[in-house]
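Me: I would like to learn how to read a structure like this one, step by step. Could you take me through some of its features once we have it in view?

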Amino acid sequence: MILLLTNDDGIGSGGLAALEEALSGLGEVWTVAPERERSAVGQAISIHRPLRLHPVGERRYALDGTPVDCVYVALHHLLPRVPAVVVSGVNRGANLGTDVIYSGTVGAAREGALRGIHGVAISLYAGTAFGRAAQAAKSIVARLAERPAPALLLNVNVPDGEPKGVRVTTLGKRHYQDEVDARTDPRGRPYYWIGGPGTRIENIGGSDAQTVHDGFVSVTPLGLDQTDGSAMQAIRTMIEEGR
Ligand code: MN
């Protein structure tokens with residue numbers, strides 16, 4: 001069994017090393033990761049420039065692209081067989097609530113699921129105890145690898161400290177202090193630094209954010225179909241019937 005690993009924090013990240021070590025007993029681990037950190041690039045794919053792939057070890061490669069580029073090149077070019085699971089992480093920092101839209105970690109796992117392969121994104125809420133998070137990933141990946149189609153996409157977040165257990169959760173709400181910091185560079189030209197510091201977690205029972213905050217490993221199954229079923233009737237009335 002092949003497991004494909006990647007990490008948007010880059011090929012040299014500690015979270016990736018911990019994941020490689022933890023999963024090596026489960027199957028044949030292949031790693032393709034961005035050569036530098038590419039966090040928060042979501043599902044971005046590089047279709048307008050060449051990509052360079054550098055072998056950095058046995059079944060281990062660095063790519064000068066996005067996390068999704070890594071999965072794409074691995075699945076469609078590099079791997080000798082279809083992997084059982086695409087595992088992305090361990091990310092440095094949580095991916096909770098709407099983070100999953102921006103997250104390169106989730107993007108890479110989603111790319112697997114889009115190709116009919118189970119995807120697991122795994123993130124560590126705080127700190128650098130990646131080994132513990134990688135162990136949590138191991139038990140989830142082991143079970144997922146046995147499951148037949150359809151492909152599942154799981155977003156896993158691991159709390160800081162010893163987890164109290166594992167909970168299946170819904171996407172919650174995590175608020176950022178949105179801001180644009182306008183500054184002037186040494187040549188007198190303006191530049192902008194976006195994304196404010198600090199977050200606030202909304203207390204929603206059963207949500208990923210609250211669950212991790214309470215000290216449990218959170219596992220959220222994510223869907224690929226973004227159709228809003230709850231809006232269908234109202235939009236049909238508005239668009240098709242002009243009311
Ligand atoms: Mn990252």
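Me: Which side chain does a polar contact of 3.1 Å join to that of R174?
Reply: In this predicted model, the partner in that contact of 3.1 Å is the side chain of Y176. R174 lies in strand β9, which covers residues 174-176, and a further polar contact, of 2.5 Å, joins its side chain to that of D99.

Me: Is R174 buried or exposed?
Reply: The cut-off to apply is that a residue under 20% relative accessible area is called buried. R174 has 14% relative accessibility, and therefore it counts as buried. Leaving aside neighbours within four places in sequence, the residues in contact with R174 include A94, L96, T98 and D99, together with T199, R200 and I201.

Me: Which residues coordinate the manganese ion?
Reply: The manganese ion is coordinated by D8 and D9 through OD atoms, by S39 through OG and by N91 through OD1, at 2.1 to 2.3 Å. Read along the sequence, these donor residues follow the spacing D-D-x29-S-x51-N. Distant parts of the chain are linked in this way, since D9 sits in the loop between β1 and α1 (14-23) while N91 belongs to strand β5, 82 residues apart.

Me: Why do D9 and N91 count as buried?
Reply: The same cut-off of under 20% is applied here. D9 counts as buried because its relative accessibility is 17%, and N91 counts as buried because its relative accessibility is 6%.

Me: How do strands of a sheet pair?
Reply: As a general idea, strands of a sheet pair through backbone hydrogen bonds, either parallel or antiparallel. In this structure, 9 strands form an open sheet with mixed pairing, in the order β3-β4-β2-β1-β5-β6-β7-β13-β8. Its edge strands, each pairing on one side only, are β3 (53-57) and β8 (166-168), and the twist from one strand to the next averages 20°.

Note on methods. Residues numbered from 1 in each chain as written. Predicted model: local features only at pLDDT ≥ 70, side-chain atom pairs only at ≥ 80, totals over all residues. Heavy atoms only, no water. Pairing = 2+ DSSP bridges. Helix = DSSP H or I, 4+ residues; strand = E, 2+ residues; numbered from the N terminus. Axes fitted to C-alpha atoms, helices over the stretch in contact; angles between N-to-C directions. Donors = N, O, S within 2.8 Å, 3.2 Å for Na, K, Ca; no water. Buried < 20%, exposed > 50% of the residue type's maximum accessible area, 1.4 Å probe, protein only. Polar contact = N/O pair within 3.5 Å; in protein donor to acceptor, adjacent residues only side chain to side chain. Contact = heavy atoms within 4.5 Å.
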